[in-house]
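Colleague: I have a new model open and would like to learn how to read it feature by feature. Could you walk me through it?

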Amino acid sequence: MDPFKSQLEEENDLELMNSSDYNDEFLCDYTDWEHSSSVVPVLYMLVFVFGLSGNGVVICTVCRSRTKRRSADTYIGNLALADLAFVLTLPLWAVYAALGYHWPFGWFLCKLSSYLVMINMYASVFCLTCLSFDRYLAIVHSLSSNKLRSRRTTLLSLALIWSLAGVLALPALILRGTREGDNLTSCAMDYTWLASESTEHFWVGGLSLFASTMGFLLPFLLMSTFYCAIANTVTRHFHNVKKEEQKKKRLLKIISALVLVFAICWLPFHIIKTIDALIWLQLIHIPCSFDEFLHLAHPYATCVAYINSCLNPFLYAFFDQRFRAQCLCALRCSRLKKALQGPITSISSSMSNPSKSEAPSSATKV
C-alpha cells in the first residue's frame, strides 16, 4: 500500500484497489515493487538534505540582505520557507516507507505533517505564480507597474497566498488520521464521517481533481502565459542589438528553465492523480495492467515532484546574479563571489585604479 497517494491525493489507504472494483473480472495485483521500501526512503532523505541546506541558505540570504529588497526576493524567500517547512517532514515519511508503511509517530504528527505537505504544494505554486507575475510586470510593464510592485502590495499578496494555501490544505488536516490494521498503523484519509459508502468516491475524486486544478493546472497556465509575454518582450527589445545578444539568450534560457522544470517535476504526479480521480468518479475504465503500472509508478512520481523543492533555490534564486552575489556575501565567500562576478575587464584599468573594486554584475530581470 502506497501512503503517498492518499497523502497528496487525499484518498484512503484502499484507493487503488477500490478504484478498480467497478469491474470484478479484473483481479489486479497491487503489490509494491520489492525495492521500494529501501529506494523511496533514500530518495526522500536526499531531498531532505539538499532541500534543507538550499532553502536554508536562501532564507538566510533574504533575511540578511543589506540592499533594498526586491519584491521578487520576498517571493523567493517565502517560496524557500514553504519548501523548508515541507522538507522537514520528509524524515517522517521516509521512516514510514522504510517500516512497510507503519506510522509510529502518533495521530498529531500524522495530521500536522500531512497538512504541511499540502500547504507546501499550494503555497509553493502560488509563490511561483506571483513571482512570474512580478517578473512580467517588471519586464513587460516596467514603467507603469511601480504601484503594483510596491512593498505593501507584495505583503498583501503573501498574506493572501498563505491564507489561501492554509484553507485549501484543510482537508488533509481534518480528514487525515491514524488507522490500526494488520499489525500496522497507517496514516491515511478517512471519509467515513463525511460521506457514506455510496458517495465516498465522489468526495475522493472531486477533491483530487480540485487539488490538481488549483495546485497545478491553473498556476501552470498562468506562468506559461506570463513567461511567453516576457520572452516576446525580451526578443523584440534585443532584436537588432548585437551586444545584448548574450543577455537575451541568458534571459530566455532562464525563462524556459523556470517553466519546464516545474512542469517536468509535477506533471507525472498530477497525470497519475488525475487518472485515478477519473476512475473514482467512474468516468473512465482502464485495464488492470495499466492500473498496476500506475500503482507502481506513483511513489516515484511523488519523489520527482518533491525534488522540485530542492531545485527551487537554484532555479529561482541562484540563476539571478544579484541574488547569487547576496548569497555569497551572506556566506562570506568573498573569493567565490569574486570568481562568479566575472574576470576583470581590463588589466590596465585595474592597475591605474588599484583601490577601486570591480562593480558587482548587474542582476538579470528574471
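Colleague: Let's start with L328: is it buried or exposed?

Modeller: First, some ground rules. This is a predicted model, so local features need pLDDT of at least 70 and side-chain atom pairs count only at pLDDT 80 or more, while totals for chains, interfaces and linings use all residues. Residues are numbered from 1 along each chain as its sequence is written, and side-chain values use heavy atoms, with hydrogens and water left out. Buried means under 20% relative accessible area, exposed over 50%, and partly exposed in between, with a 1.4 Å probe and protein chains only. L328 has a relative accessible area of 9%, so it is buried.

Colleague: Where in the fold does L328 sit?

Modeller: In helix α12, residues 321-330. Helices (H or I, at least four residues) and strands (E, at least two) are DSSP runs, numbered from the N terminus. From C-alpha to C-alpha, L328 is 8.5 Å from T61, although 267 residues separate the two in sequence.

Colleague: And how many helices and strands are there in the protein?

Modeller: There are 14 helices and two strands. Of the 366 residues, 49% are buried.

Colleague: How do I read a nonpolar core, and which residues have the most contacts in the largest one?

Modeller: Think of a set of buried Ala, Val, Leu, Ile, Met, Phe, Trp, Tyr and Cys residues joined through side-chain atoms within 4.5 Å. The largest here has 73 residues, and Y44, L90, Y122 and W266 have the most contacts inside it. Helix α6 contributes the most, 16 residues. There's also a second, separate core of six residues, including M189 and W280.

Colleague: What about helix length: how far does α4 reach?

Modeller: The expected span is 1.5 Å times one less than the number of residues. With 17 residues, α4 reaches 24 Å from first C-alpha to last, close to the 24 Å expected. It's mostly covered too, as 15 of the 17 residues in α4 are buried.

Colleague: Which way does phi go at Y101?

Modeller: Most residues other than glycine have a negative phi. Y101 is not a glycine, yet its phi is positive, about 65°. It sits in the loop between α5 and α6, and its 10% relative accessibility makes it count as buried. Q282, in the loop between α10 and α11, also isn't a glycine and has a positive phi of about 60°.

Colleague: How should I describe aromatic pairs, then?

Modeller: By the distance of the centres and the angle of the planes. Rings of Phe, Tyr and Trp (its six-membered ring) pair if their centres lie within 6.5 Å; planes under 30 degrees apart count as stacked, over 60 as edge-to-face and the rest as tilted. That gives 17 pairs. F216 and F262 have ring centres 5.7 Å apart and planes at 20°, so they are stacked. F216 is in α9 and F262 in α10, 46 residues apart. Elsewhere, ring pairs link W93, Y96, Y101, W103 and F105 into a cluster.

Colleague: Last one: which cysteines form a disulfide?

Modeller: The rule is a pair of cysteine sulfur atoms within 2.5 Å. C110 and C187 qualify, with their sulfurs 1.9 Å apart. The S-S torsion is about 95°, so this disulfide is right-handed. Because C110 lies in α6 and C187 in strand β2, the pair ties together parts 77 residues apart in sequence.
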